[in-house]
Amino acid sequence: MSVGSIIVAVLVFSVIIIFHEFGHFIVAKLNHVGVIEFSLGMGPRIISWANDGTKRKVMFFKSNAFFEEHPEFDEHTVYSWKILPFGGSCMMLGEEEDVDDERSFSRKSVWARMAIIVAGPVFNFILAFILALIMIASIGHDPAVVTGLDKDGAAIEAGLKEGDVIKSIGNESIVLNRELSYYSLFHKLDGTPVKFVVDRNGEEKSFEVTPKLIKDVKGGDRYLFGYYHSAPREKGGLLSTLGYSAYEVKFWIDTTIKSLGLMITGQVGMDQVSGPVGIVKQVGDVIEESKPEGTKTVVMNLMLFSILITANLGVMNLLPIPALDGGRLLFLIIELIRRKPLPQKVETYFNVGGFMVLMALMVFIMGNDILKLF
């Protein structure tokens with residue numbers, strides 16, 4: 001992987017993170033919450049920009065002590081770029097403790113605080129939709145069209161033909177070509193017949209397809225339907241583009257949730273999970289593999305991968321895990337039900353304990369990512 005690919009990968013990851021944090025930031029500002037610092041990256045500051053109310057200042061490598069010694073910045077947001085190019089933060093006044101200030105996060109209504117917390121993941125989904133809109137407007141959507149059949153396969157024996165547009169498999173509605181590949185990933189096939197509904201020249205037809213046990217190239221046996229589906233993309237009008245863009249986001253949200261289900265049930269191991277290092281490598285691989293097909297292909301594949309990552313980040317942040325947005329949202333829902341917050345000590349222990357577990361998990365995943373590089 002080239003240095004250029006690594007730089008592009010880091011930039012893509014940074015844009016996704018900063019858009020997430022901007023969601024928290026803009027909704028906090030709309031609710032008149034004091035934002036102490038808005039930053040991209042983690043660790044020591046490289047550059048900080050701040051306004052003390054009279055003039056703007058750009059500072060290099062300023063520590064927290066500097067801002068503690070200069071109270072003129074107390075009521076103004078510090079914007080920082082930090083040395084580690086992963087992560088980011090929107091640090092708000094009264095976020096971790098009750099502060100007696102009308103600008104404090106802790107003094108706002110529970111609905112305002114919930115809106116601020118949810119805004120980060122929602123902005124991830126908004127970014128995913130914007131990227132999907134650009135991509136589908138440029139190259140169109142990928143219809144679920146049968147483009148080939150095994151001569152002795154289950155699909156041809158059931159009556160499927162080339163050119164059939166698959167509308168559903170079993171209880172799963174099918175819209176995109178990629179959903180045909182993902183169906184067998186999330187549904188274990190056996191010898192049980194599966195209902196297919198297809199559109200054949202404008203007419204809806206139903207078929208019962210019984211997967212056949214086939215010996216694959218790796219020497220194992222698995223059940224297959226026996227059809228191919230590498231259909232070209234199709235462009236539509238404005239309403240079609242908007243609809244498919246929204247569905248693209250839904251597809252990746254559903255895929256993330258189903259993948260989590262595979263992890264929970266042990267069908268996917270932790271060694272198959274990627275962190276920031278792994279994501280940067282995958283983005284770099286996408287760039288390198290797409291180069292022979294031209295710049296447009298590189299950009300479109302990069303955009304598709306970015307949609308996957310930002311939708312994934314939105315879903316993961318909504319999980320009720322300590323130190324994530326979902327964990328904080330859980331406490332606010334409890335507060336809404338109880339009509340009073342839980343003791344600060346309980347929330348602090350929950351978040352600190354969860355943060356330590358999360359950091360340990362991140363170290364494990366990062367170590368796993370580094371081992372994969374070699």
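What covers the buried residues of H5? In this predicted model, the cover includes strand S5 (165–169), strand S6 (172–173), strand S7 (194–200), strand S11 (227–228), H6 and H8. The residues of helix H5 (residues 178–186) that are buried are Arg 178, Glu 179, Leu 180, Tyr 183 and Phe 186.

The search for aromatic pairs across the whole structure returns 15 of them. In one, the ring centres of Tyr 183 and Phe 225 lie 6.5 Å apart with 45 degrees between their planes, so the pair is tilted. Because Tyr 183 belongs to helix H5 and Phe 225 to the loop between strand S10 (221–224) and S11, this pair ties together parts that are 42 residues apart in sequence. Tyr 183 counts as buried at 9% relative accessibility, and Phe 225 likewise at 7%. Phe 225 also pairs with Phe 196 in an edge-to-face arrangement, at 4.9 Å centre to centre and 80 degrees between the planes; here strand S7, which holds Phe 196, is linked to the loop between S10 and S11 across 29 residues. Phe 196 is buried, with a relative accessible area of 0%.

The largest nonpolar core has 24 residues, of which Ile 16, Leu 131, Met 135, Phe 251, Trp 252, Met 303 and Ile 307 touch the most other members. At least two residues come from each of helix H1 (3–30), helix H3 (110–139), helix H6 (238–264), helix H7 (276–290) and helix H8 (295–318), with H8 giving the largest share, 9 residues. A second, separate core of 19 residues includes Ala 155, Ile 169, Tyr 183 and Phe 207.

Conventions
Residues numbered from 1 in each chain as written. Predicted model: local features only at pLDDT ≥ 70, side-chain atom pairs only at ≥ 80, totals over all residues. Heavy atoms only, no water. Core = buried A, V, L, I, M, F, W, Y, C linked by side-chain atoms within 4.5 Å. Buried < 20%, exposed > 50% of the residue type's maximum accessible area, 1.4 Å probe, protein only. Helix = DSSP H or I, 4+ residues; strand = E, 2+ residues; numbered from the N terminus. Contact = heavy atoms within 4.5 Å. Phe/Tyr/Trp six-rings, centres within 6.5 Å; stacked < 30°, edge-to-face > 60°.
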